[in-house]
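Me: I'd like to learn how to read a structure like this one. Could you walk me through it, feature by feature?

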Amino acid sequence: MVRWKTRPPELPKSNESSPCPAGRTLTPKKTLNQNSNIVEIRALNYSVSGRSIFKDLSMNIPRGRVTAVMGPSGTGKTTLLRLITRQVRPDSGSVHVDGTDIETLSRLDMYALRRRMGMLFQNGALLTDLTVFENVAFPLREHTELPERLIRHLVLTKLQAVGLRGAIDLMPAELSGGMSRRVALARAIVMDPELLIYDEPFVGLDPISMGVILRLIRRLNDALGLTSIVVSHDVQEISTVADLVFLLSGGQVVATGTPQQLQSYPSEIVRQFMGGLADGPVPFHYPAPEYFGELLGRDGET
Amino acid sequence: MVRFLLRLAIGSPRALLRFGLVSEQIFNAGAQSLVIIMLSGLFVGMVLGLQGFQLLQRFGSEEALGTATAIGLVKELGPVVTALLFAGRAGTALASEIGLMRATDQLSAMEMMAVDPIQRVVVPRFLGGVISMPLLAAIFSMVGIYGAQLIGVQIMHVDAGSFWSQMRASVGIRDINEGIVKSLIFGVACSLIAVFEGYYAEPTAEGVGRATTRTVVTSAVMTLFLDYLITAMFL
């Protein structure tokens, strides 16, 4: 039995509500408690330096599924993950995780909740002064008093799952970007979290690693009964693992559904994003003066 | 910064229980600064020996060279120069290390693993600096006195007996206490500024660079300002 160094996480009861925002439909892949959402976001507003990132955003992320959050660059996908984990605070609105309004939690209670989450950062965020082994063992050493033998066993098991058991003595600086992310994934799952959050897990991965990570996301989710939230741009890859996709644009959810439903979604913006088209409601170019005029120096002196 | 200092003070007893983390930082901030501290101490002592000998010779009291250099080093130059060197070597290392941890999401990752980065990263580094500073200042003064002796006794032929006996007779416990108090306070100030600047650095390469520069400048000015205050207090 795990001996906790600090207060073990409490397991608040989840509330009961619909898994999808009003007006959206979802065809479930498997039988789940339809009313069980692990994350519920209500009327959330968030802005940075006067620029609005989310406007009245509402969404429900169902328990036990792989949920993908997609959208064009700069739509606040990573920010959404930071809001769910209270790394940043909203201007207004609420975020409920497993039935608890995280705004009302004290720092210690938030830490207790985070012990039930794992997060894979975009760049891995490995601790650069620790070896691969020590990085994965870090949460175990901080939160439990497990014997060294068991820690070694757990760490090796997780590293084996990501294919890096042979890299235990390497330092993070000696790893490639893809390897760093796989080590970070091993660290994220070492405490057997209930909610696993992936921020752009496929960036910089070679096809083999990407396939492994994709299968791992699905396998972890199904075998351990986790809930996974994946932020990604990779439409094709995410379509193979996600049960539900939220497409964000302009600070709001513009479409929700299974990947198959989104492929035929009757919306220009969804078609543009899923098809990777340059022309559409989402401008490819950042607002700028007229191109030829600027090249010929008509409007400017440069 | 006062609230930040309070958080460090509250976290310090718990951090001392995990002394392995603190001793690692004493090694980083203290042991790794030894060479620069000893070399600087030696040269400062040698300059004091030369200048002091020239000055005291005018009054025919070269035997007081030991007293003059020892008091100058223990009360003033030891703590102040050590603090300035500490800010330049260990302070910048602390600020840039913590700043880079912020920029590369390592602190956020700790937060996500329910580990308080202030308790795990900042407090041990702060304590490492606070503990190292008086030790480094003592070593600086000791090597400085040896440097002054090297010039005064070995080269300028001041009587060795007079050099050491006058030093022993004139340097009192109050002088040593002043040096200890100064180096402790400088240790708190320089370490606090370094970890504060690093922790709140803008998470960009430019932001970390700015935090590092601010650490050196603020620490140097604060050291000299506090030096004046403590000297006035001990008069």
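Me: Let's start with the interface. What area is buried between chain A and chain B?
Reply: Keep in mind that this is a predicted model. Here, about 1700 Å² is buried between chain A and chain B, and carbon and sulfur atoms give 56% of that area.

Me: Which residues of chain A lose the most area to chain B?
Reply: Those are A:Tyr111, A:Phe138 and A:Glu142, which together make up 29% of what the chain A side buries. As for contacts, 21 residues of chain A touch 17 residues of chain B.

Me: And how many salt bridges are there between chain A and chain B?
Reply: The count is 5 salt bridges between the two chains.

Me: Let's turn to chain B. How many helices and strands does chain B have?
Reply: Chain B has 9 helices and 0 strands, so its pattern along the sequence reads α-α-α-α-α-α-α-α-α. The C-alpha trace of chain B spans about 70 × 35 × 30 Å along its principal axes.

Me: How are two packed helices described?
Reply: The general idea is to give the angle between their axes and the distance between the axes. Take helix H4 (residues 65-103) and helix H9 (residues 205-234) of chain B: their axes come within 9 Å and cross at roughly 155°. That makes H4(B) roughly antiparallel to H9(B). The crossing of H4(B) and H9(B) is right-handed.

Me: Which residues make the contact of H4(B) with H9(B)?
Reply: From H4(B), they include B:Val80, B:Ala87, B:Gly91 and B:Leu100. H9(B) contributes residues including B:Val208, B:Val216, B:Leu224 and B:Asp227. By class, this contact has 11 nonpolar, 9 polar and 2 charged residues.

Me: At what angle do the axes of H8(B) and H9(B) cross?
Reply: They cross at roughly 155°, and the axes come within 9 Å. That makes H8(B) roughly antiparallel to H9(B). This crossing is right-handed.

Me: What about H1(B) and H8(B): at what angle do they pack?
Reply: Helix H1 (residues 2-17) and helix H8 (residues 173-199) of chain B pack at about 110°, with their axes 11 Å apart. That makes H1(B) roughly perpendicular to H8(B).

Me: And which residues meet where H1(B) packs on H8(B)?
Reply: B:Phe4, B:Leu5 and B:Leu8 in H1(B) meet B:Leu192, B:Val195, B:Phe196 and B:Tyr199 in H8(B). The contact of H1(B) with H8(B) has 7 nonpolar residues, no polar and no charged.

Technical notes: Residues are numbered from 1 along each chain as its sequence is written. Chains are lettered from A and ligands numbered from 1 in the order in which they are written. This is a predicted model: local features need pLDDT of at least 70, side-chain atom pairs count only at pLDDT 80 or more; totals for chains, interfaces and linings use all residues. Side-chain values use heavy atoms; hydrogens and water are left out. Axes are lines fitted to C-alpha atoms, for helices over the stretch in contact, and angles run from 0 to 180 degrees between N-to-C directions. Helices (H or I, at least four residues) and strands (E, at least two) are DSSP runs, numbered from the N terminus. Angles under 35 degrees count as roughly parallel, over 145 as roughly antiparallel, 65 to 115 as roughly perpendicular and the rest as oblique. A crossing is left-handed if the near helix is turned anticlockwise from the far one by less than a right angle, and right-handed if clockwise. Contact means heavy atoms within 4.5 Å. Ala, Val, Leu, Ile, Met, Phe, Trp, Tyr, Cys and Pro count as nonpolar, Asp, Glu, Lys and Arg as charged, and the others, Gly among them, as polar. Buried area is the accessible area (1.4 Å probe) that two parts lose on being put together, summed over both. A salt bridge is a side-chain nitrogen of Lys or Arg within 4 Å of a carboxyl oxygen of Asp or Glu.
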